[in-house]
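Thanks for coming, everyone. Please bring the model up on your screens. I'll walk through some helix packing.

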Amino acid sequence: MSIDSALWNQYRVVLDRKQNPGGEKSYTSYLYSQGLNKILKKCGEETFEAVIAAKGDDRDELLGELGDVLYHVTVLLCFLDIPFADVLAALNQRCGTEGQTVDALLDAVAARKDLPVLEEAGEGSSYTAYLFQQGTDKILKKVGESCALLLLAAKDGDREETVSQCAGLLYHLLVLLVNENIPAQTLGETLELRNRSTGNLKTFHQTDVNT
């Protein structure tokens, strides 16, 4: 399963939960009922947990947390009625491409890993290569910053900026995937497993019951 197919499937499943609520057994419906602040809180929490997992070199935990991040970001997009296609277009723009799938963009990020890094940004210099050169801590810092900017844009009700910052978060997550040597198919399968759970009325996490 490709990342691209899994993300599109996830968007459809989560949007269906908005249009056809699953009642008290649906965690997705619960998030919608709690509103924007709860969804933003979960996006931030899951991104923080993904950063901690990556820092701890726990591959399995990182895969699970990345799935959680992408799921909650998808809930945010559906809550705000933002099409995933808009975010994908913005992600392509950020990568200097057009009409590429998420998997193709992951390959493009990987291909830039060994490009020249100049002292000053400009023609011939690669920001992506710069991130890889700086290492894991820099990449994780940018993931956290991108999430914060996304949350601020969504809270401010700035639709265009929300799309842009969501693309920024996805871009930095792609860099993280390459840095951690996680294949597209591996994350795609993780996301698809979550999609099946969400489609079958995923139950509450204990932490969500208590909050």
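Which residue follows α5 with a positive phi? Gly96 does, and its phi is near 75°. Keep in mind that this is a predicted model.

Let's stay with α5. The helix spans residues 84-94, and Phe84 belongs to it. Is Phe84 buried or exposed? Its relative accessibility is 7%. The cut-off for buried is under 20%, so Phe84 counts as buried.

What does Phe84 touch beyond its sequence neighbours within four places? The contacts are Leu7, Trp8, Tyr11, Leu77, Val102 and Leu170. Take Leu7 from that list. Leu7 and Phe84 are separated by 77 residues in sequence, yet their C-alpha atoms are 8.6 Å apart.

Now the α5 and α9 pair. Their axes cross at roughly 60° and come within 8 Å. The crossing is right-handed. On the α5 side, the contact uses Phe84, Asp86, Val87, Ala90, Leu91 and Arg94. On the α9 side we have Val163, Cys166, Ala167, Gly168, Leu170, Tyr171, His172 and Leu174. Sorted by class, that contact of α5 with α9 holds 10 nonpolar residues, two polar and two charged.

Next, α1 and α2. Helix α1 covers residues 3-19 and helix α2 covers 27-34. Here the axes lie 9 Å apart, at an angle of about 60°. Angles of 65 to 115 degrees would count as roughly perpendicular, and under 35 as roughly parallel. This pair is therefore oblique. The crossing of α1 past α2 is right-handed. From α1 come Val14, Leu15, Arg17 and Lys18, and they meet Thr28, Ser29 and Tyr32 of α2. That contact of α1 with α2 divides into three nonpolar, two polar and two charged residues.

Last, the core. In soluble globular proteins, nonpolar side chains tend to be buried together. The largest nonpolar core in this model has 64 residues. Which of them touch the most other members? Ile3, Leu66, Leu91 and Leu173 do. Helix α9, residues 159-179, contributes the most, with 12 residues.

One more look at Ile3. Setting aside residues up to four places away in sequence, Ile3 touches Val102, Asp103, Leu106, Leu177, Ala184, Leu187, Gly188 and Leu191.

That's my tour. Thanks.

Terms used: Residues are numbered from 1 along each chain as its sequence is written. This is a predicted model: local features need pLDDT of at least 70, side-chain atom pairs count only at pLDDT 80 or more; totals for chains, interfaces and linings use all residues. Side-chain values use heavy atoms; hydrogens and water are left out. Helices (H or I, at least four residues) and strands (E, at least two) are DSSP runs, numbered from the N terminus. Buried means under 20% relative accessible area, exposed over 50%, partly exposed in between (1.4 Å probe, protein chains only). Contact means heavy atoms within 4.5 Å. Axes are lines fitted to C-alpha atoms, for helices over the stretch in contact, and angles run from 0 to 180 degrees between N-to-C directions. Angles under 35 degrees count as roughly parallel, over 145 as roughly antiparallel, 65 to 115 as roughly perpendicular and the rest as oblique. A crossing is left-handed if the near helix is turned anticlockwise from the far one by less than a right angle, and right-handed if clockwise. Ala, Val, Leu, Ile, Met, Phe, Trp, Tyr, Cys and Pro count as nonpolar, Asp, Glu, Lys and Arg as charged, and the others, Gly among them, as polar. A nonpolar core is a set of buried Ala, Val, Leu, Ile, Met, Phe, Trp, Tyr and Cys residues joined through side-chain atoms within 4.5 Å.
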